[in-house]
Amino acid sequence: MEKECILVVDDDKDIVTTLKIQLEKEGFQVLCAYNGMEALTLLEQTEVHLILLDIMMPRMDGFSAIMKIRERQNIPILVMSAKSEESDKILGLSIGADDYITKPFHYKEVVARIRSQLRRYMKLGGIHSSSDEIRIGRLCFNFIAHTLTADGEPVKLTSIETKILELLMRHPGRIFSTEEIYANVWDEPIAYNGENTVMVHIRRIREKIEINPGEPEYLKVVWGIGYKIEKK
Amino acid sequence: MDTKLKKSKIIRAFIYRMLTAGALFSVIFSAIVGKDALLNLQREGLGTLTGDIYYLTEFREYIATLYMQGMIGYAGLGDNNGYPLTGSSASALSQKAVADFRAGVAAAGDELIYRIDVNTFPKNSTAIQDGKTTAWENLGIVKESGNVTYPLFSQYDGHLLLPDDTALCCYWNGYDGTLTSLSPKHFEAFSAAQLYKPNETNASRVRLLLAVKNKEHYSSEKLAPMSAVAKSYQRILWVLLASCVLLVVASVFSLLSRRAAVQARTEFAAHSIKPWLEAKLLLLALILFSLFVSPASEGFALYGSPWLYLPAGCLLYLLYTDLRSNKTAVLAHSLTYRFICFIRTYVSGFPWQRKALNVCIATMFGILTTLGGGLWVLYVNFKGNITGYYTSMTFSILGTLLIAAGLLLILAHIRLRRFLRDVFTLTRGLDELQAGETYTPLAFPKGSLLSQSATVLNALDNGIEAAVEQRNRSNRMRVELITNVSHDLKTPLTSIINYADLLCEENLPAPASEYASALQLKAYRLKGMVQDVFELSKATSGNLTVEKQFLDLAKLLRQTLADMEERIAQSTLTFKLNIASEPVMIEADGEKLYRIFQNLIVNALQYSLENSRVHIQLGIEEGYAYTKVKNTSRQELDFDPAEIVERFVRADASRTTEGSGLGLSIVQSFTEACGGSFTIDIDADMFTACVCFPIVKEGEIPYDEKS
C-alpha cells in the first residue's frame, strides 16, 4: 500500500522535526512547511492526505490557511495549538478543521487522531445512514448486530458495556442518571455501590472508544448528575 | 461659529425677542378689543347717553336746563353750575332754549330723553358737593319737525308736555318759573330737591336735562370732547398702530440676532428658574387681571388700559420662555414642591434626618410666635387700647423687639435649612460612594459650610475610580501576560516532550537511558504545572467561565471517587466515606467541582501518612453543605492554614514530592468562582480541607433541571 502523505505545518522547527521523525516511524510520508504560505504552495505541488497545522504562525496564520485550503480541498485538517480555550477550539472546528489538539501533546495521541481521520477519509467514503445504526462522530453503533465501530474498526465490548453504550447511543445528548442506567442495564433497582459499578464500566468503555480517555470526546460524565454521549 | 458671544449682544437679542413677542401680543389683543369697542360705538352711537353727556358742550347748548332752587324755579342754559335766573330772564332764556332745541336738535322721529340731577351747594359756593342723578329715561318721540308745535314743550311758555302714556307729571311754567306738578313717585330727585329748602344751609339745585338720543355730533370739533367709548376706541387704535410699528422693527432686529437668541434663551432660563412657581403664577394672575378688568375710573370698557398690552405681552413671553426651556423643572422650583420634599424626607428619611428636621420645625414655630406676638402687641398698642404713656411705650418697644427677634430667627432658619440640605446631599453622596453606585460629583453653592467636605468627597471618589481603573488595567495586562507566557512555554515544552519521547525509544546504554526517562518524567510534570498555572491565573484574575447548574453534590462526590478509584486502590490509604445517599442539591459548575475534589483527593494521596485513613464527609448544617476531606499528614504540619493556599507553597519545604504546589490554590479559586467557600483546619497532624456550598431547596430548582 502506498504511504499516506501528511503535511506538518508549524513555525517551531523542533516540533516539525520531532513530528516528522515520529510520524515516519509510524509509516507515514511527511512533508514539512513553516508557515501558511509554504503550506499552500506545497499543497498545489503534491498530493497530501492530511494536514497537521499550527495556528499562530508568521506570514499566514492557521485560520487563514484553513480557509484557503477549504476553498479547494476536502482533506482532513488537524489543528495543533497552544491555545487551549474552548472558544479557540470551537472557532477552529467551525471554519473547517476536523480536529483540535492542544499543545503540549503526546505524539501517540497525535498518531491516533491522524489514523482516525485518515480511516474515515480514505475508507468510509459517504455516510450511509440507516435506521439500524447511529453514527456519532467516529463512532457507529448498529442496533441489530449490537456492535460498535470506531473509524470503521470494530470495538470489542463486553455485554454490559454494549448495553450501557446502546442505551446512551439511542439518545445522544440526553443525560442518564446512575439509577436509570443501572435499572436499564442490570434490570434491577440500584444496589449498594451501584454508582461505583456504573462508573467503572463507563471508564472501561471510555478506554476502548476514546482516543484520549483522560479528555473524553464522546462518553462524558456530567458531574453530580449522570452520564451522556455527546451529541456531535 | 464663535460660540462665545458678547454678553451685551445676548441681552440685546433677548430684548428684541421679548419686544417682538410683546408687540405681537399687543397687536392681536388691541385688534380684538378695538373691534369690540367699535361695535359698541356703532351700537350706541356717538351720542350715547350712558355717561357724562352733561359735559358735552354742544349738547348742553340744546338742552333745556331747568334749575330749581327750592320751589322757585330757575331755568336756563348753563355751565356746570348753571346760572341762576330770575323772572323774565328765566323766561327768555327758557324760550331761547326751547327755540334752539326746536331749531337744531329735535327733528321728527327723534327720541327724547330726560334726566334729573340734584346737586347741593353750600351757600355762596359754586362747587358741587354731592349729587344724585337719575338715569336717562325716554320721554317720547318728536312727532313733528320744523313746525310750531313740539310735542313736549308748549309753544308759548315752554311747558313740558309729556306724552300721555308716561307717568311723568312735571310741568314747568316758563313764565314764573314754577314747577307746576311733579310726581314724587317717579322723581326722587324732586323729592330730594324739596328736602333742601331754600335759605337753609345747603341750597339745592335740581336740574332737568333734556337730550336727543342717538343724535350725532351737533357742533364744531373743538367744542366736542369725545365720549369715553370714543376716547378709549381712539386709544386702542393708537396702541394698535404703535404695536404694529414696534412689531415690524423688533422682528427685523430679532431676525438679525437669531444666533444669539438661542444662547440668550438658555441664559435666561438659568436665571428664570430661580423664582418660585407661586410668584410666577401670581404675576400671571396680575397680568390677566390688568388685561381684563378695567380700572374703576374708566367709564367704559370691559378691558384694561391699552397701554398695558405691550408690557403684559412681554411678561407673558418671559413666562412662556421659562416654561419652554425649563419644562417640568419649573414645578420643582416651587414652595409647594419644597414643602412636599420636606414632608417626604420627614416621613421616609432616616431617624437622624427626622430629628434634624424637627429642629427646623421648632425654629419655624419660633418665627411664627415671635412675629405674630410682636405684630399683635403693636396692633393692640396702635388701636389705643393700651392706656398710659409708659405702658404704651413699653408695649411699642416690646413689639419691635419681638419682630426683630422674629426676623433674626428667619435668617437663622434659612441658614439652618441650607446647612441641612447640604448635609443631606453629602450623606447621599457618601451612601452612593459606599454602595458603588454611579457617584455624581457634589457641587455646593458658594459659601456653603460644607463645600470643603464636598471637595474631599469628590476627591475620594476620583481616587477610588482611579484605583478601580488601575486594577482593571493591571488585571487585563495580567491575563494577556499569562496567555502569552503560557503559549511561549507550551511551544518549547512540546518539543522537549517529543525529543524526550524519541530519546526513550532509542536503545541507549544503561546510565543514558535512565537520564532519558527522568527527562521524560520531568517534562510531563512540567506540562501539568504549566496547565495548572494557566488555569489558576485565569481563576484568580476573574476570567474563569463558570457554567452553573443544579446538581447533586453527593452523587458528584461518588462519581469523583469512582473516577479516581484506580489511583486510590494503588495507594496504601483507606478511604472512609460518610456521604448521604439522598441528594444534596447545590448550584455550581460540575466540571469545576470535579477539579476541586480531584485536587483534594490527590492532595490527600500525596501527603498522607502511609497506611492511614482518609475521611471524606458530606454534612449539612443550617442550609449549607460541608464537604470535608480529612487526612493524617506524613510530615509535621508546621505552617499557617492561610499560608498553604498561597500559590506554590507546599507542605514539604524540600519540594521533592510531585505536584505543582498549586492544588489548594486552584481549589480555593474554583470554589469561590462557583459561589462557595474553602477553609483549611490543622489540628496537630490532622489536615482538614472543607468546601462549603449553600444548599438549594427543592422548590427553588426549575422543573426542567430536575430530570
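In the predicted model, strand S1(A), helix H1 (residues 13–25) of chain A and strand S2(A) form a right-handed β-α-β unit; right-handed here means that, with the strands pointing away from the viewer, the path from the first strand over the helix to the second runs clockwise. Helices (H or I, at least four residues) and strands (E, at least two) are DSSP runs numbered from the N terminus. Residues are numbered from 1 along each chain as its sequence is written, and chains are lettered from A in the order in which they are written. Local features need pLDDT of at least 70 and side-chain atom pairs count only at pLDDT 80 or more, whereas totals for chains, interfaces and linings use all residues.

S1(A) pairs in parallel with S2 (residues 29–33) of chain A over five bridges, pairing being assigned where DSSP finds at least two bridges between two strands. Within this pair, Val9(A) has Ala33(A) as its bridge partner. S1(A) also runs parallel to strand S3 (residues 50–54) of chain A, to which four bridges join it; there, Leu7(A) is bridged to Ile51(A). Because four of the five residues of S1(A) (residues 5–9) are buried, this strand is largely enclosed by the rest of the structure (buried: 20 or more other C-beta atoms within 10 Å of the residue's own, with C-beta atoms placed from the backbone).

The contact between the chains takes 25 residues from chain A and 27 from chain B, contact meaning C-beta atoms, placed from the backbone, within 7 Å. On the side of chain B that touches chain A, H13(B) gives the most, with 12 residues.

Notes: Buried ≥ 20, exposed ≤ 12 C-beta atoms within 10 Å, placed from the backbone. Contact = placed C-beta atoms within 7 Å.
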